[in-house]
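This report describes how one protein chain is folded and packed. The sequence and structure come first, followed by notes on selected contacts.

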Amino acid sequence: MASGSSNWTPRQNKLFENALAIFDQQSPDRWHNLARAVGKTVEEVKVHYQMLVEDVQQIEAGEIPLPNYTRRAGASNKSYHCIDDQAQRLKNLNLN
């Protein structure tokens, strides 16, 4: 089941996220279990995890702005577009 490809499909990314929730840092054979869950090698999983950690660190440090998606009128639940204007984003922000 292991794949030599370094490309990750959306399905593999979702499987990875789910597996991370199951196999925490204290889990025995964590890396092997994560690799088996997504069909990748242990090394590929470790590299992917490190990239995820770096992305989260950059987001938390404010180095990468979070997009603000709003639903388009009359569109399906999965149809969103990004608001580019910072003022419009703040106007749409409702914390109540």
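## Crossing of H1 and H2

The model is predicted. In it, helices H1 and H2 cross in a right-handed sense. Their axes come within 9 Å, at a crossing angle of roughly 145 degrees. H1 contributes Gln-12, Leu-15, Phe-16, Ala-19 and Leu-20 to the contact, and H2 contributes Arg-30, Leu-34, Ala-37 and Val-38. Sorted by class, the residues of this contact are seven nonpolar, one polar and one charged.

## Overall fold

The protein has four helices and two strands. Read from the N terminus, the order of elements is α-α-α-β-β-α.

The chain counts 96 residues, and 21% of them are buried. Of the contacts with a separation of 6 or more, 38% join residues 24 or more positions apart.

## Nonpolar core

Which residues form the largest nonpolar core? There are nine: Trp-8, Phe-16, Ala-19, Leu-20, Leu-34, Ala-35, Val-38, Val-45 and Tyr-49. At least two residues of this core come from each of H1, H2 (30–38) and H3 (42–60).

Val-45, a member of this core, is in contact with Trp-8, Phe-16, Trp-31, Leu-34, Ala-35, Val-38 and Lys-40, when neighbours within four places in sequence are left aside.

## Helix H2 and its surroundings

The buried residues of H2 are Arg-30, Asn-33, Leu-34, Ala-35 and Val-38. These buried residues pack against both H1 and H3. Just past the end of H2, Gly-39 has a positive phi of about 75 degrees.

Trp-31 also belongs to helix H2. Is Trp-31 buried or partly exposed? Its relative accessible area is 24%, so Trp-31 counts as partly exposed, the limit for a buried residue being under 20%. Not counting residues up to four places away in sequence, Trp-31 touches Val-42, Val-45, Lys-46 and Tyr-49. Trp-31 and Lys-46 are 15 residues apart in sequence, with a C-alpha to C-alpha distance of 7.2 Å.

## Tyr-49 in helix H3

Tyr-49 lies in H3 and is one of the residues of the largest nonpolar core. Leaving aside neighbours within four places in sequence, the contacts of Tyr-49 are Phe-16, Leu-20, Gln-25, Arg-30 and Trp-31. Phe-16 is 33 residues from Tyr-49 in sequence, and their C-alpha atoms are 9.0 Å apart in space.

An α-helix has 3.6 residues a turn, so residues three or four places apart point the same way. Glu-17 is partly exposed because its relative accessibility is 44%. Lys-14 is likewise partly exposed, at 48% relative accessibility.

How values were computed: Residues are numbered from 1 along each chain as its sequence is written. This is a predicted model: local features need pLDDT of at least 70, side-chain atom pairs count only at pLDDT 80 or more; totals for chains, interfaces and linings use all residues. Side-chain values use heavy atoms; hydrogens and water are left out. Buried means under 20% relative accessible area, exposed over 50%, partly exposed in between (1.4 Å probe, protein chains only). A nonpolar core is a set of buried Ala, Val, Leu, Ile, Met, Phe, Trp, Tyr and Cys residues joined through side-chain atoms within 4.5 Å. Contact means heavy atoms within 4.5 Å. Axes are lines fitted to C-alpha atoms, for helices over the stretch in contact, and angles run from 0 to 180 degrees between N-to-C directions. A crossing is left-handed if the near helix is turned anticlockwise from the far one by less than a right angle, and right-handed if clockwise. Ala, Val, Leu, Ile, Met, Phe, Trp, Tyr, Cys and Pro count as nonpolar, Asp, Glu, Lys and Arg as charged, and the others, Gly among them, as polar.
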